[in-house]
Amino acid sequence: MHIRNGYRSSLTFVFLLLLIAGCSKEPEYERPNILWITSEDNSPFIGAYGDSLAVTPNIDRLADRGILFENAFATTPVCAPSRFTIITGTYGNSMGTEQMRSTYPVPDFVKFFPRYLREAGYYTTNNVKKDYNTVDQPEAWDESSNTAHYRNREEGQPFFHIRNFTTTHESQLHTPIDTLIHDPDQMLVPPYHPDTDSVRADWARYYDLITKLDSQVGEVLDELEASGEAENTIVFYYSDHGGVLPRSKRFMYESGLHIPMIIYLPPKYAHLGPEQDRTDRLVSFVDLAPTVLSLAGIEPPEWMDGEAFLGEFAAAEREYIHAYRGRMDERYDLVRAVRNKEYLYVHNYMPNRIYGQHLSYLWRSRTMKEWDELYQTGNLNEVQRRFFEEKPVEELYKISEDPHNINNLAFQEEYQEILMHMRNVNLNWMILQRDLGFIQESRIDSLRANRSLYSAVRDQNIPIAEIIVSAEIASLEGVTDRNHLSEFLNHDDSSVRYWAARRLIADKESAQDFYEKLLELAEDPSPGVRISAAEALYGLGETETAYNIINEALDHENFSVQLMALNFLEAIDISEFPPTLFEKISALYESSANDSFETDYYINRATGTLLD
């Protein structure tokens with residue numbers, strides 16, 4: 001009897017030891033499902049953000065249960081470069097994919113982030129838009145199609161699913177408006193737009209589309225609930241950049257960069273996020289990829305530029321978001337911006353290119369056409385005219401007092417310390433990132449030799465920091481002097497010479513001082529330098545020299561050289577040029593009319609505008 005009791009006691013002791021040992025183990029991480037719901041071209045026109053005109057009950061319901069991010073921003077105010085950053089967690093201007101509809105590759109180490117999820121056992125699906133501004137990586141997905149869905153995964157398999165809605169895309173405003181739900185008379189027209197019936201109708205139509213989008217978001221949320229996976233699924237809703245009426249999408253203001261972002265963490269995953277249901281934390285698109293990996297328990301790779309703001313690997317809050325703009329469709333420009341919680345700083349490196357360069361796609365908008373017509377007839381106020389006039393090199397806006405970014409503080413004495421600080425933050429970031437946007441697009445193919453631009457610049461020791469600094473100095477009045485310009489104009493690197501020549505376009509006094517050098521640059525080996533020299537010489541009355549350079553550029557085999565030449569012609573009065581120029585433009589228009597892809601497409605748009 002005693003032996004049997006002792007045996008039982010021993011078994012009990014062993015069982016307890018095993019139980020204790022089992023309890024001391026780290027519990028296996030139960031990976032959450034992750035659902036992305038994305039919309040296009042919309043700023044925070046959402047009821048949960050305090051917009052009284054918005055009818056968005058479903059998105060508001062998600063916000064009631066989730067976390068609303070007040071300070072979420074795109075890295076660039078247009079779709080394809082923006083989506084590049086989303087899918088890679090890197091900045092497009094660091095990777096050489098800044099230009100709109102780039103087809104340039106990335107270095108081998110850069111992987112679309114869903115690939116890491118897939119390797120960790122996730123079922124990854126995308127429905128359906130990609131538009132990633134680089135060479136595709138289809139291996140990132142189990143399925144990417146207009147029928148892709150998480151329901152097709154294996155039983156118990158976690159999923160990452162993207163559902164894209166194009167409902168609010170700017171193209172939806174190009175079609176005739178039959179009926180309106182929102183009252184045009186109730187619209188709050190921003191001060192930079194003319195307050196006309198057509199503009200009000202477009203705004204009303206846009207709010208109608210937001211309402212339609214909201215119903216689609218509701219359907220996705222209801223479907224998730226019906227699947228039984230709602231409490232196992234982290235849900236994101238956000239827009240791919242701001243928008244959508246003119247001076248929002250494509251432009252480096254709150255209207256183009258500020259986006260809505262709401263994230264729902266089910267109770268079992270609430271510990272992965274902040275306790276508050278609303279946060280003013282600064283969040284950038286470059287942070288999305290590492291954040292999703294962090295929520296899935298995967299440490300983000302070191303090569304990613306962003307940092308997780310949720311999950312196991314969440315980092316400290318960032319102090320600034322950075323944004324960039326290069327070529328948008330057929331128009332060249334180069335802009336950088338820095339935003340903290342108080343101020344937006346914008347640096348225009350091509351100030352002689354107006355905001356309102358004629359973009360064929362943008363001019364399909366009724367609002368854009370009317371805005372342009374009112375400018376041409378002199379029927380706009382000073383704020384509304386600025387879009388069509390030469391822009392300042394630097395802009396500084398205090399967000400709390402100026403949400404529409406119309407009161408530029410860059411010239412006010414009391415803001416000079418803040419201006420200098422933000423300028424330095426921007427410059428230091430560009431140098432740190434080795435910003436490749438300062439290498440003119442017409443030079444990229446000759447540098448790459450079947451590599452990524454990222455790799456080519458490093459392999460060939462291109463002096464990218466010197467290029468950036470030359471563009472910075474050349475753009476700033478009061479900083480550039482004759483010695484700087486002389487050094488830059490005679491530099492071994494063509495991109496340094498390019499930025500110095502662009503300074504002479506805007507500064508006719510300096511252009512006159514360097515007249516002989518400009519004639520020399522008119523025969524430079526770099527087509528980008530030659531075209532910039534042509535534009536500076538044209539400003540000095542050297543029409544024939546400018547014509548000869550442009551005529552040669554229009555015959556170049558590189559589409560970006562042709563496009564640079566066409567941009568120059570669009571910015572001036574071309575009536576002084578000979579009829580043979582128009583014959584060449586007409587021939588280019590005809591030969592590019594097949595819409596083969598963006599290169600021909602953009603040449604076709606630019607030549608069509610000139611012919612019109």
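How many residues apart in helix 6 are Trp-203 and Tyr-207, and about how many helical turns separate them?

A: First, the ground rules. Residues are numbered from 1 along each chain as its sequence is written, and side-chain values use heavy atoms, without hydrogens or water. The model is predicted, so local features need pLDDT of at least 70, side-chain atom pairs need 80 or more, and totals for chains, interfaces and linings use all residues.

Now the helix. Trp-203 and Tyr-207 are 4 residues apart in helix 6 (residues 197-227), so about one helical turn separates them. A helix here is a DSSP run of H or I with at least four residues, numbered from the N terminus.

Next, the rings. The structure holds 35 aromatic pairs. Rings of Phe, Tyr and Trp (its six-membered ring) pair if their centres lie within 6.5 Å; planes under 30 degrees apart are stacked, over 60 edge-to-face, and the rest tilted. Tyr-150 and Phe-159 are stacked, with 4.3 Å between centres and 10° between planes. The Trp-203 and Tyr-207 pair is tilted, because its centres are 6.5 Å apart and its planes stand at 35°.

Tyr-150 and Phe-159 are both buried (under 20% relative accessible area, with a 1.4 Å probe and protein chains only). Trp-203 and Tyr-207 are buried too.

One aromatic cluster includes Phe-251, Tyr-253 and Tyr-355. Arg-247 lies over the face of Tyr-253, 3.9 Å from the ring centre. The charged end of Arg-247 also sits over the ring of Tyr-192, at 4.1 Å from its centre. "Over a ring" means that NZ of Lys or CZ of Arg is within 6 Å of the ring centre and within 35 degrees of the ring normal.

How values were computed:
Buried means under 20% relative accessible area, exposed over 50%, partly exposed in between (1.4 Å probe, protein chains only). Helices (H or I, at least four residues) and strands (E, at least two) are DSSP runs, numbered from the N terminus.
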